[in-house]
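Please read the points below with the coordinates open. They follow a few local features of the fold, strand by strand and then residue by residue.

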Amino acid sequence: MFIRLSVVAASLFLGIIISSLYWLGESGVGSPEKQFVTVCVNPGMRTSFNLPDGTVAYLNSGSSLSYPVPHDKDKREVSLNGEAYFKVKHNPEQPFIVSVADDRLQVKVLGTEFNLQAFEDEDMIETTLVKGRVDVRLKNENGIFTEQALYPSEKATFNLRARQLLIENVNTSYTTAWTEGKLMFKDCPPLSKVLKNLSYFYNVKFKVEDPVIETYCFTGTFHNKQLFQVLEYLKISSKIDYTINPMTKDDDKGIEHATVILKNMRSM
């Protein structure tokens, strides 16, 4: 399900937004100087909304975006946990900066379109540029940033643990398909990457009983398909059998999700 969130339709999410407001500082008359807004997306859902500067942000399942109101005069800074696609309104006087992973990586732009995936429980951060140019800023142990420019159709993958940056050319339509309610894969090895995207998209966890399954290649495009339809395609194309267990609660995060057990039919 994809939900459009705008100023006029904010009442649909009023509880979420108001509960995430907090103040920083006070003026001489006791009025708040700045407030922070956090928009959260429930697992299995997606949303899009306009930021105060006119930038359009799309948030994927289980993601959250925080931003100050108003922005600082010299920059527009937001913080992301999860996956988002940004259509940044051009403003050369006020760069747009997205911070992720406790500010260990930033993406700095003036006006462009890009996808950024940075879930807090993963070591990999992926930035894919669709239009314009972005600077990927990496913070070292001394707190100093180094910058790497990205150009259209380039993806930067940063390994937080190994502190390694890989840049490659990609077909951006596969990365951004989720903003249209689609999932697109082409010769995706290993299958573990596909399972990760399915996990976020449908709010499920996968348990792979045979590790060789994760090495399979996979190609497919799904638009507004239910989970079982995708799993049936996996079963036919890759000889993978599956069982869907009922919804259970993740005590660490308080999130309910179903579990899909995958078995290798080729070894049966």
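1. Two strands are taken as paired if DSSP finds at least two bridges between them. The model discussed here is predicted. On that criterion, strand 8 (residues 96–100) and strand 9 (residues 105–109) pair in the antiparallel sense, and five bridges connect them. Within this pairing, Val98 stands opposite Val107 of strand 9.

2. Strand 8 has a further neighbour in strand 7 (residues 76–87), and these two run parallel with four bridges between them. Ser79 has Ser99 of strand 8 as its bridge partner.

3. How many of the residues of strand 8 are buried? The count is five of five, so that the strand is mostly covered, buried being defined as under 20% relative accessible area. In a regular strand, side chains alternate between the two faces of the sheet. Here both faces are covered: Phe96, Val98 and Val100 are buried on one side, and Ile97 and Ser99 are buried on the other.

4. The hairpin formed by strand 8 and strand 9 has four residues between the strands.

5. Glu154 belongs to strand 14 (residues 154–159). Glu154 is buried yet has no salt bridge. Where is the nearest side chain of opposite charge to Glu154? That side chain is Arg133, 9.1 Å away, whereas a salt bridge requires a side-chain nitrogen of Lys or Arg within 4 Å of a carboxyl oxygen. Leaving aside residues up to four places away in sequence, Glu154 touches Thr127, Thr128, Leu129, Ala149, Ile167, Glu168 and Asn169.

6. Tyr67 sits in strand 6 (residues 64–69). Is Tyr67 buried or exposed? Its relative accessible area is 9%, which is under the 20% limit, and therefore Tyr67 counts as buried. Residues up to four places away in sequence again aside, Tyr67 touches Gln35, Phe36, Val37, Val39, Phe49, Leu51, Pro52, Glu77 and Val78. Tyr67 and Thr38 are 29 residues apart in sequence, but their C-alpha atoms are 6.6 Å apart in space.

7. With a disulfide taken as a pair of cysteine sulfur atoms within 2.5 Å, the count is zero. Cys40 has a relative accessibility of 35% and so is classed as partly exposed. Cys217 is also partly exposed, because its relative accessible area of 49% falls between the 20% and 50% limits.

Note on methods. Residues are numbered from 1 along each chain as its sequence is written. This is a predicted model: local features need pLDDT of at least 70, side-chain atom pairs count only at pLDDT 80 or more; totals for chains, interfaces and linings use all residues. Side-chain values use heavy atoms; hydrogens and water are left out. Buried means under 20% relative accessible area, exposed over 50%, partly exposed in between (1.4 Å probe, protein chains only). Lys and Arg count as positive and Asp and Glu as negative; His and the chain ends are not counted. Contact means heavy atoms within 4.5 Å.
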